[in-house]
Amino acid sequence: MTEHLDKLPFDEYCQTVFNKDTLAEKPECLKGYRGLSCTQYILGPAAAAYLGELGAEVIKIEVPRLGEPMRHCSPYNESWFYPVSRWNPGRGTSPAFQGANHNEYFVTLDYRKPEAKEIFYGLVQKSDFMVWNYRPGTFDRWKIGYGNCKEVNPRIVLAWCGGFGGFGPGRNWASYDILGQAKGGVFSFTGHRAGAAAGFPSKHTTWIMDYSIGMLVSTAMLAGLYWRDTVSNLGNYFECSQVQGSTRYTEYGLPLWGRNGIVRMRWGNWDTEICVNGICKCGLSTYPHSDHPAEKEEGYICVQAYTDEDYAKLMNLVGRPDLAKKYATHDDRVEARAQEEIYPAIEEFLKDKTKEEAARIFTGAGIVSQPLLTIREAANCDHFLERGSLGWYDDPYYGDVFTQKTMYKMSECPPRLKHVHRPVGSDNEEIYQRVCGFSADQIREFEAKEII
Amino acid sequence: MSDDLKKEVQEAPLLWPLTPIPTFEEVYDPKICTEASREISTVFEGWLHPKHEMAKPEALGQIRVLECGHGGLQVNSMQAGAYLSELGANVIMVEPPGGSPIRKLTAFGRKRYMFKDNVNGDLCGGTFLHECRQKQSITLDLAKPEGREILKKLVPHADVLIENYAPGQFDAWGIGYRQLSKLNPRLIYVWNGQKGQWGSLKDKPGELYPSSPCASGWCHATGLPKSFGGTPIRSGERSDDILAGNLTAHATIAALIYRIRSGKGQFIEVTSSEAHARIHDYAWGWYGMDGSSKPRYGNWDLAINIYSVNPCKDGYMMVGGGHDRLWYRIWKTVGKDRPELEDMILDEPTLRVVIDRVGHDQQVKTCVCLTDWMKDWTREECRAKLLEEEVAAGGVSFLDEVAEEPHYKYRGMVRAIETAHYGKVLFCGSVFYGHRTPGRVKDLGRPVGYDNSDVYRKLLGFDTNKLNELYEKGLI
Amino acid sequence: MTEFKVSLFYDCPKCKARNFFDPYSYWEYSGNFKCAGCDVLYYAEWENGQRVVEPEAARGAEFILPGYAETPDLKPLSGEGKTSPPPFANVTFLGKPKNTTVSARGKLCACTQLTPEDLEGSCWKRIAAQKKFGKSW
């Protein structure tokens, strides 16, 4: 088998070991690990979902009947998957829920009911990890905090994630994703320069601080599990705060402020450290006759030519050999004033081209470029479909769904998508019976009392 | 470099902290917090405060990582190595002789923003220093066959190898996963890149951020809508390299867990365009439903109202209230100063139900009313008023404000470290606060080849003569 | 006592329509805008969100549109040529649940509101009918 692989050209070798169609034939990385996701919105759910993709059995606990709030936030109130639960056939779940809840089992539990504590401990005892993102101290107030859980299960790896963390002067501040972006610093230097058109700082399109800090929370839990299984046989408690993640991403920002007293600011679509590396506007739209509002817009293209050679090629191509001479070294052209000359020269050249034409010209000249794809174009892009990062999925509950699939490729134990998500409480019977051992009658009784 | 500049680079003192770091007594002063709040917070502090971190074990203490992420100017592998090193792994960073090109990056090419080595005078950029935390720096020329032979000797000592060279480059050099896994079947080999080492859009040599968010639809959907004068916009930070770095750390530890059971290493590919696609949330589900293409919506949110950043008197202010309870608290706060605005919102029939509020007209009306109130107040004033009603709110902080935020200083999120070669440097601490195995930062980036002697001696038994010989041949 | 000034909306004296100025286009703006109710052009100036010149006779023919407008009895006046075009994601904008039964590529999907009968005994019947294997919940 490996001999056959050794002889393949590299491309084909990769296609074979990362083939999206053979994922299910391979073992799962976290087989046999069980986790609880006591979470809402995106940050905590995402952290648990990443582990769910790797094969852990993740049980998501929601409020009975209506479920968590993220099910109820849909763009423009237009798209919903029905039903939200069997008790609410007329209400739907938003597609915003599917990104952060892959492969999970959905049960309900009202933590505040006295009977719930025992049910919850039953789950904790049989779990390896757990994620929380309620406000700090909420679970401790309900007497099911880390202090209690580690008594019940000393091997449990717990992760709390949220806005500002459980101690310190700001411990009571609530947070959301964009508050994390705003208070942590990355918001302040994303966007066009002040004074330029639309010179406002800009939010990232989607909840990046939730998802990316979710990755880190998930990483912390994996590290905790690894340490538990190889070294100590002991559980752990992690706390990851969203604003800190945002601050962590500011690169040279903090060292620069600490040493020089200079505040990193917005620099639009250009790069502060590398030139040419920026997004330029093309004058024409690819779909001038589209009735779709977003598609009538002009195209944009990302151009990268930062070596002296590539830069000279680019400047000659756009008909400005003078700029090639003027800013021959990288140190010269990365200066702010040089950038202000170079990018407009490129945009001048692109004035009468669509992004596809521009890409063809750049590629022909051996310059790296990437047109900005719209969501519709990306969703139909062969690259992502072939690699299985995006694709259609035949869901038993929701029918034909287009969805993001796995986050990365592994040759031996790849992450995979098993179902997008399910209605609230759809796995109550399954989980409470199989994991906790309650009988069907007991489960019906709990349901009647709205404990689950 | 002129003499003035030399002096400036060398002698600039640390400007931080401008205000003292709050003490325990100030934070938990009974006058400002309740007994219950103090009690639970001090318990958390006992478990988690980074002042205890150095006495605790490290989660990945047994792991050695070879990070060959310096072929181009992508920082994804560097980010990944940083997270693994915070968690305790011994990360050996393999740079080309003379140092990684990333060392030379500085904003607008300004040398005075760089950090000067107080021994040999070399300059190093802030990004490199910040991300190469506590890694060992060695040099090795992988472009030469002899250099690759040395790498092959290092591989049996390593658990993980991370690289971000052009697709297939290492394989062509005979040091790809196919070849190295023969030397060390337990090796976990991670490739980092923008779009992939295979597939129709596979990476071209020299490809960098932000090409991956451009390909995955992310950049097109970021920024203000055209009708507000906006264009697509890239992230200020290298969001794609950061996401790929996060996921590389994630995948690596997952593979380590799998290795406990199977004894096998594996080949992993982490690309940032897939990372962006993975986190692009409802864009895909929405597309699948009716062919919708998620538009740019500036600093407002398509799915939640109010959940937005709007300008105020001295900057920009985030206010969030996705559900009814917060919605009414926000307007109560506004109504204290401007009752007519509160009335206007409460009178509006289409704003009464949560899901009805997210139409575009409703969003404009809401944001205009909110901003008409905020325009008269500063970020701090707005925040204080909104916090009184327990609404999640906060100004957009610039980095000086982030560095001086008492909460961050108290928690050690922002802190300074005395490095051996670059003086005192301000940086962001590890994100992983932990009870038993916290993440931690013991050192920042090191000079070129700083650990050559240590690593090559310890792992390969090279003596001084051998090291000199390699140096003369230009291999290290 | 601070005096508060209305800056970001304006009641047109002619047609009584209330025009709302989105803070992104109008935060620092001097120029004309067009009333969505009666199409009259006005000139005004804003500095840091404060209206420093109250709407007066238009200067020149260039103008931008308000973000949203409504009549005194709260009927929206938005629309093409009236208010600035919203960044819609599709051509069939409804602003309420869409109730489609097929996905973008024409296969059955569960995007329509259901009644309790649809759910009786099983998952959504139309989806279930297509599948031979499935678990009820």
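**View 1. The buried side of helix H19 in chain B.** In helix H19 (residues 452-460) of chain B, the buried residues are B:Asn452, B:Val455, B:Tyr456, B:Leu459 and B:Leu460. They sit on the same side of H19(B), because they cover an arc of only 90 degrees around the axis. That arc is taken from the directions from the helix axis to the C-beta atoms. Buried here means under 20% relative accessible area, exposed means over 50%, and partly exposed is in between (1.4 Å probe, protein chains only). Helices (H or I, at least four residues) and strands (E, at least two) are DSSP runs, numbered from the N terminus.

This is a predicted model, where local features need pLDDT of at least 70 and side-chain atom pairs count only at pLDDT 80 or more, while totals for chains, interfaces and linings use all residues. Residues are numbered from 1 along each chain as its sequence is written, chains are lettered from A and ligands numbered from 1 in the order in which they are written, and side-chain values use heavy atoms, with hydrogens and water left out.

**View 2. What covers H19(B), and what follows the helix.** Which elements cover the buried residues of H19(B)? Among them are strand S1 (64-68), strand S2 (90-95), strand S5 (136-139), helix H6 (145-154) and helix H20 (464-472) of chain B. Contact means heavy atoms within 4.5 Å. After H19(B) comes B:Gly461, with a positive phi near 70 degrees.

**View 3. A salt bridge between B:Asp451 and B:Arg446.** These two side chains meet with N and O 3.0 Å apart. For a salt bridge, a side-chain nitrogen of Lys or Arg has to be within 4 Å of a carboxyl oxygen of Asp or Glu. Buried or exposed, B:Asp451 and B:Arg446? B:Asp451 is buried, because its relative accessible area is 5%, and B:Arg446 is buried too, at 18%.

**View 4. The pair B:Lys336 and B:Glu388.** Their side chains form a salt bridge at 3.5 Å, N to O. It ties together distant parts of the chain, with B:Lys336 in helix H13 (residues 324-337) and B:Glu388 in helix H16 (residues 379-388) of chain B, 52 residues apart. B:Lys336 has 45% relative accessibility, so this residue counts as partly exposed. B:Glu388, at 60%, is exposed.

**View 5. Across the chains, B:Arg238 to A:Glu251.** The closest N and O atoms of this salt bridge are 3.3 Å apart. The pair crosses between chains: B:Arg238 is in the loop between helix H9 (211-215) and helix H10 (239-262) of chain B, and A:Glu251 is in the loop between helix H9 (242-248) and helix H10 (253-260) of chain A. Both B:Arg238 and A:Glu251 are buried.

**View 6. A salt-bridge network in chain B.** B:Arg338, B:Glu340, B:Asp372, B:Lys375 and B:Asp376 are linked in a network of salt bridges. Over all chains, the salt bridge count comes to 86.

**View 7. The chains around the close-ups.** Chain B has 20 helices and 14 strands, and its C-alpha trace spans about 85 × 55 × 55 Å along its principal axes. Of its 476 residues, 69% are buried. Chain A has 19 helices and twelve strands, with a C-alpha trace of about 80 × 55 × 50 Å along its principal axes. Buried residues make up 70% of its 452 residues.
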